[in-house]
Amino acid sequence: MTQTMNPQGPQAEGPQAKEPRNKQARGSKPSMLHLLLRDKVATVAAAVLAVVALTAIFGPPLMGELATKQDLMFMNKAPFDPANGWAYFLGSDSLGRSVLARIVVATRTTMMVAVPAVAIALLIGSLWGVWAGYHRGRRETVSMRIADVIMSFPSLLLAVVVLFVFSPSAANIVLILAITRIPIYLRTARAEAAELQSRTFVDAARTFGTKPNAIIARHVIPVVTPTLLTLATLEFCFVMLAESSLSFLGIGIQPPEVSWGLLVAQGRQYLQTAWWLSILPGLAIVITAVAANALAAWLRIATDPAQRWRLALDKRSAKALKTIAKDAK
């Protein structure tokens with residue numbers, strides 16, 4: 001019998017067969033979503049924040065009427081009782097209103113304070129800090145002294161004084177919290193921009209006659225953005241807790257509006273008889289803050305080119321790396 005031979009021969013077939021394998025071995029750069037799904041803690045934290053965001057957007061239109069509906073026959077009903085129906089699954093308050101519906105409505109109020117305050121402080125502080133750090137000199141000195149003056153006053157104390165003088169409202173809370181958090185972004189962006197100002201790629205762009213504003217927009221801001229976004233995630237927790245503290249003290253969100261902090265304040269007098277009125281909104285604050293901190297810790301590594309490779313390791317490689325580091329010590 002005669003055997004059919006490949007006219008190109010085995011040597012011609014080898015490179016073609018190995019090429020797809022080499023491409024698969026090299027692989028492409030893993031996306032942020034892929035890295036997020038590999039980290040269980042970060043995935044759970046992102047899912048929690050997504051649920052909070054969806055609740056703030058779609059919850060109040062669906063449950064707004066139920067949050068204000070009073071039913072004295074359902075006063076201080078205990079939570080987790082299926083006999084009360086899904087609307088009262090988290091219990092009811094002293095006026096028979098659904099705690100679940102009130103927490104859902106309060107989610108939007110809390111987010112409408114925390115998100116705009118963080119966004120305003122991030123935008124103003126970042127642009128100001130990058131501008132001061134790139135140009136240096138007197139602009140940097142004056143900017144840092146302004147930041148020092150603002151940071152010399154405790155943010156919560158300054159918010160208490162301002163809200164006591166002016167009427168406590170959501171707009172005033174957003175404004176005062178944004179102003180007190182601007183120096184955090186300003187100092188961070190200034191330090192990053194000052195370090196980048198002497199980099200080779202910035203010097204090259206300056207040599208070719210690129211204008212300073214164009215250099216800042218094209219070369220400085222994209223490098224500084226990951227650090228500032230990670231910082232904003234952490235600041236979101238502080239602003240949310242600050243709003244809850246102000247509402248707890250009675251100078252934050254005012255009735256008939258509700259926020260998580262206001263719900264905790266309203267339920268503190270019923271702690272012995274109806275603990276769920278304060279504990280459940282407080283639990284929502286704690287869970288959201290922990291999720292935001294966990295996601296910020298993941299973002300710090302995922303956006304750092306020098307540390308991102310750690311997230312792409314599989315379990316066996318990570319375990320081997322830990323063993324090598326332990327043996328090295």
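Phe-89 is partly exposed, at 38% relative accessibility (buried is under 20% relative accessible area, exposed over 50%, partly exposed in between, using a 1.4 Å probe and protein chains only). Phe-80 is also partly exposed, at 46%. This is a predicted model, where local features need pLDDT of at least 70, side-chain atom pairs count only at pLDDT 80 or more, and totals for chains, interfaces and linings use all residues. Residues are numbered from 1 along each chain as its sequence is written, and side-chain values use heavy atoms, with hydrogens and water left out.

## The stacked pair

There are three aromatic pairs in the structure. Rings of Phe, Tyr and Trp (its six-membered ring) pair if their centres lie within 6.5 Å; planes under 30 degrees apart are stacked, over 60 edge-to-face, and the rest tilted. Phe-74 and Tyr-88 make a stacked pair, 4.8 Å centre to centre with 25° between the planes.

Both partners sit in the loop between helix H3 (40-68) and helix H4 (99-135), 14 residues apart (helices are DSSP runs of H or I, at least four residues, numbered from the N terminus). Tyr-88 is buried at 8%, while Phe-74 is partly exposed at 23%.

As for Phe-80 and Phe-89, their ring centres are 5.6 Å apart and the planes meet at 80°, so that pair is edge-to-face.

## Charges over rings

Phe-74 has Lys-77 over its face, 5.7 Å from the ring centre. Here a charge sits over a ring if NZ of Lys or CZ of Arg is within 6 Å of the ring centre and within 35 degrees of the ring normal. Over at Phe-238, the charged end of Arg-181 sits over the ring, 4.0 Å from its centre.

Terms used
Helix = DSSP H or I, 4+ residues; strand = E, 2+ residues; numbered from the N terminus.
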